[in-house]
Amino acid sequence: MPGYLAALALALCPVLVAVRLIVLRRRGTDALHFGRIDNKDFLIPPFALAYFYAVFAGAFGWPLVGSGRFFSSTPVAWAGVALCFGGVLLVGLSLVAFGRSFRVGIDTDNPDKLVTSGVFAISRNPIYVGFGLVLLGQFLVFPSWVPLIYLLAALWLLNRQVLREEAFMREHYGREYADYCGRVRRYL
């Protein structure tokens with residue numbers, strides 16, 4: 001059961017983001033700017049699809065290379081499920097708090113207002129923290145080398161994106177962003 005729930009949590013993340021993109025588009029906001037600044041972003045989707053397969057393979061018993069587990073613990077797996085759904089909740093709260101300011105990628109042409117309320121009063125990057133929690137939870141449910149490698153790679157990529165966004169925000173929002181950085185931590 002933990003495997004099925006972990007797979008569901010993983011599936012919910014892109015669904016939440018896609019729904020938010022659709023809602024914003026219907027309201028006249030083009031929120032998809034993926035790959036416009038860095039063409040290497042297009043390497044992410046194939047790796048993400050492979051990760052989705054690995055998680056669903058673990059949940060449903062599909063063939064998977066290197067599916068040997070580091071450990072087997074039902075309480076740890078349930079803790080992983082809790083982290084997954086905590087991460088999904090954080091992603092959802094982030095999307096709501098973003099309002100019309102949500103973007104996938106950096107929108108240099110039409111950036112919206114700086115969001116500092118809601119979950120953004122606790123973390124400057126709650127959506128990335130949420131994704132990280134989901135991935136950590138996935139590893140605890142499916143403790144093998146594939147989720148571990150993806151967890152480590154994703155944390156590096158998420159941090160890389162955060163640093164790129166922070167550079168843009170420092171330039172665009174100036175003192176307002178600097179004050180915000182002084183009050184709120186980057187992650188937790």
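Where is Asp 107 found? In this predicted model, Asp 107 lies in the loop between H3 and H4. Local features were taken only at pLDDT of at least 70 and side-chain atom pairs only at pLDDT 80 or more, whereas totals for chains, interfaces and linings use all residues of the predicted model. Residues are numbered from 1 along each chain as its sequence is written, and side-chain values use heavy atoms, with hydrogens and water left out.

The chain contains six helices and zero strands, where helices (H or I, at least four residues) and strands (E, at least two) are DSSP runs numbered from the N terminus. Its order along the sequence is α-α-α-α-α-α. For the 188 residues, a compact globule would have a radius of gyration near 16 Å, and the 17 Å of the chain agrees with this; the radius is taken over C-alpha atoms, and the globule rule is 2.2 Å times the number of residues to the power 0.38. The C-alpha trace spans about 50 × 30 × 25 Å along its principal axes. Buried residues account for 42% of the 188 residues, with buried meaning under 20% relative accessible area, exposed over 50% and partly exposed in between (1.4 Å probe, protein chains only). Of the contacts in the chain with a separation of 6 or more, 80% involve residues 24 or more positions apart, a contact being heavy atoms within 4.5 Å.

In an unreviewed entry, UniProt lists residues 42–64, 76–98 and 127–158 under "transmembrane region". The UniProt positions are given in the numbering used here, feature names are shortened, and annotations may be inferred rather than shown by experiment. In the model, the span 42–64 is 74% helix and 0% strand, and its end C-alpha atoms lie 24 Å apart. Residues 127–158 are 91% helix and 0% strand, with the end C-alpha atoms 10 Å apart.

Ala 6 is found in H1 and is buried, with a relative accessible area of 0%. Beyond residues up to four places away in sequence, Ala 6 touches Val 81, Cys 84, Gln 138, Val 141 and Phe 142. The C-alpha atom of Ala 6 is separated by 7.9 Å from that of Ala 59, 53 residues apart along the chain. Ala 7, also placed in helix H1, is buried, with a relative accessible area of 1%. With residues up to four places away again set aside, Ala 7 touches Val 55, Phe 56 and Ala 59. Between Ala 7 and Phe 52, which are 45 residues apart along the chain, the C-alpha separation is 8.2 Å.

Asp 107, in the loop, is buried, with a relative accessible area of 4%. Apart from neighbours within four places in sequence, Asp 107 is in contact with Asp 30, His 33 and Phe 168. The C-alpha atoms of Asp 107 and Gly 118, 11 residues apart along the chain, are separated by 22 Å. Leu 158 belongs to helix H5 (residues 145–173) and is likewise buried, at a relative accessible area of 16%. Leu 158 touches Tyr 128, Phe 131 and Gly 132, not counting residues up to four places away in sequence. Its C-alpha atom is separated by 21 Å from that of Tyr 173, 15 residues apart along the chain.

The second largest pocket has a volume of about 170 Å³. On a 1 Å grid over the protein atoms alone, a pocket is an open set of points where a 1.4 Å probe fits, with protein on both sides within 12 Å along at least five of seven lines, and lining residues have an atom within 4 Å of a point. Grid points are joined across faces, edges and corners, and the volume is the space filled by probe spheres set on the points. The second largest pocket is lined by 16 residues, among which Pro 2, Gly 3, Arg 69, Ala 77 and Val 141 lie nearest its centre. Helices H1 (2–26), H2 (44–60), H3 (74–98) and H4 (126–141) each supply at least two lining residues, and the largest share, three residues, comes from H1. The lining divides into 10 nonpolar, five polar and one charged residue; Ala, Val, Leu, Ile, Met, Phe, Trp, Tyr, Cys and Pro count as nonpolar, Asp, Glu, Lys and Arg as charged, and the others, Gly among them, as polar.
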